[in-house]
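Take a walk through this model with the coordinates open beside you. Follow the helices, then turn to the pocket.

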Amino acid sequence: MIDIERRNLTLSALIAPLLAAMPARAAAPSSGTTHGEQTWGMDDVPWLGDEQIAMLVYPGMTVMDLVGPHCMFGALMGATLHIVSKTLEPVTSDAGLTIVPTATFDTCPRDVTVLFAPGGTDGTLAAATDRQTLAFMADRGARAKYITSVCSGSLVLGAAGLLDGYKATSHWSCRDALAGFGAIPTDARVVRDRNRITGAGVTAGLDFGLAMVAELRNRTYAECTQLMSEYDPDPPFNAGSMKTAPPAVKAAMLDMASDFSKRAEALANAAKRAPAKP
């Protein structure tokens with residue numbers, strides 16, 4: 001298991017001489033928001049932090065929903081990442097890749113900077129109806145600075161009562177179902193509404209992760225992370241969204257996803273009909 005704290009300190013020691021040798025750019029004050037055109041001098045970049053980031057895992061999740069954001073969060077020097085599940089038993093994703101949790105619902109810190117949920121299909125619907133999972137998400141979400149998800153992970157947030165009255169996105173196959181949880185479905189790659197930040201399907205986790213790095217540190221830190229990751233998308237096809245995919249591809253995928261879409265809608269509608277909690 002990687003010692004994240006030791007790795008962060010090592011990275012800090014390696015990067016400090018490089019930063020000292022860089023000519024500082026003209027510094028400009030910043031609110032540290034995700035978007036904006038201001039630039040910072042390297043002397044003003046908050047390289048070290050102390051964020052506590054709790055990333056839920058559960059059987060049948062889509063592993064890319066976790067790994068993309070984890071890659072970006074892992075670039076936050078000084079941050080601690082908790083891979084959280086019911087137990088410390090290995091968790092197998094929908095594609096068969098196994099993840100080993102580092103914390104349980106009981107041992108995860110009570111107060112976290114970021115609470116995150118990945119998505120999936122059958123596994124996500126199971127997690128979104130699991131009492132222990134929802135109780136954990138609701139409890140940590142009550143105090144988390146940021147409540148976040150990628151892909152259909154927003155269904156878990158919604159089922160835990162964490163999206164009522166908030167704009168949010170999800171995978172296209174279940175985005176509209178969010179309305180059943182009181183959310184406002186929004187078609188965008190990354191959606192922020194106050195402290196709720198959600199990403200669209202699967203690969204949007206990389207965009208989400210970079211947006212979170214900028215939010216937690218600043219834009220320059222996020223740009224350094226992007227460059228070190230060499231995240232410079234140039235896909236071989238232009239079929240990555242419902243806006244650009246060829247009609248035949250859209251028709252085939254809509255048909256394939258129809259059962260999951262219906263079950264996601266049913267889950268959200270059941271939440272809508274449930275009596276309000278005292």
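In this predicted model, helix H2 (residues 63–73) and helix H6 cross at roughly 30°, and their axes come within 8 Å. Angles under 35 degrees count as roughly parallel. H2 and H6 are therefore roughly parallel to each other. Their crossing is right-handed.

Met64, Gly68, Pro69, Met72 and Phe73 make the contact from H2. Across from them, H6 supplies Gly205, Leu206, Phe208, Gly209, Leu210, Met212, Val213 and Leu216. Sorted by class, this contact holds 10 nonpolar and 3 polar residues, with no charged ones.

Stay with H6, which covers residues 204–216. It also packs against helix H7 (residues 219–229). Here the angle is about 145°, and the axes lie 7 Å apart. The crossing of H6 and H7 is right-handed. From H6, the residues in contact are Leu210, Val213 and Ala214. They meet Arg219, Tyr221, Ala222, Thr225 and Gln226 of H7. This contact counts 5 nonpolar, 2 polar and 1 charged residues.

Next, the largest pocket. How much space lies in it? About 810 Å³. Its lining is made by 28 residues. Nearest the centre of the pocket lie Arg189, Gly201, Thr203, Gly240 and Ser241. Helix H8 (residues 247–273) gives the most to this lining, with 3 residues. By class, the lining has 14 nonpolar, 8 polar and 6 charged residues.

Key: Residues numbered from 1 in each chain as written. Predicted model: local features only at pLDDT ≥ 70, side-chain atom pairs only at ≥ 80, totals over all residues. Heavy atoms only, no water. Axes fitted to C-alpha atoms, helices over the stretch in contact; angles between N-to-C directions. Helix = DSSP H or I, 4+ residues; strand = E, 2+ residues; numbered from the N terminus. Left-handed = near helix turned anticlockwise from the far one by under 90°. Contact = heavy atoms within 4.5 Å. Nonpolar A, V, L, I, M, F, W, Y, C, P; charged D, E, K, R; others polar. 1 Å grid on protein atoms, 1.4 Å probe; cavity = no way out; pocket = protein on both sides within 12 Å on 5 of 7 lines; lining within 4 Å. Points joined across faces, edges and corners; volume = space filled by probe spheres on them. Parallel < 35°, antiparallel > 145°, perpendicular 65-115°, else oblique.
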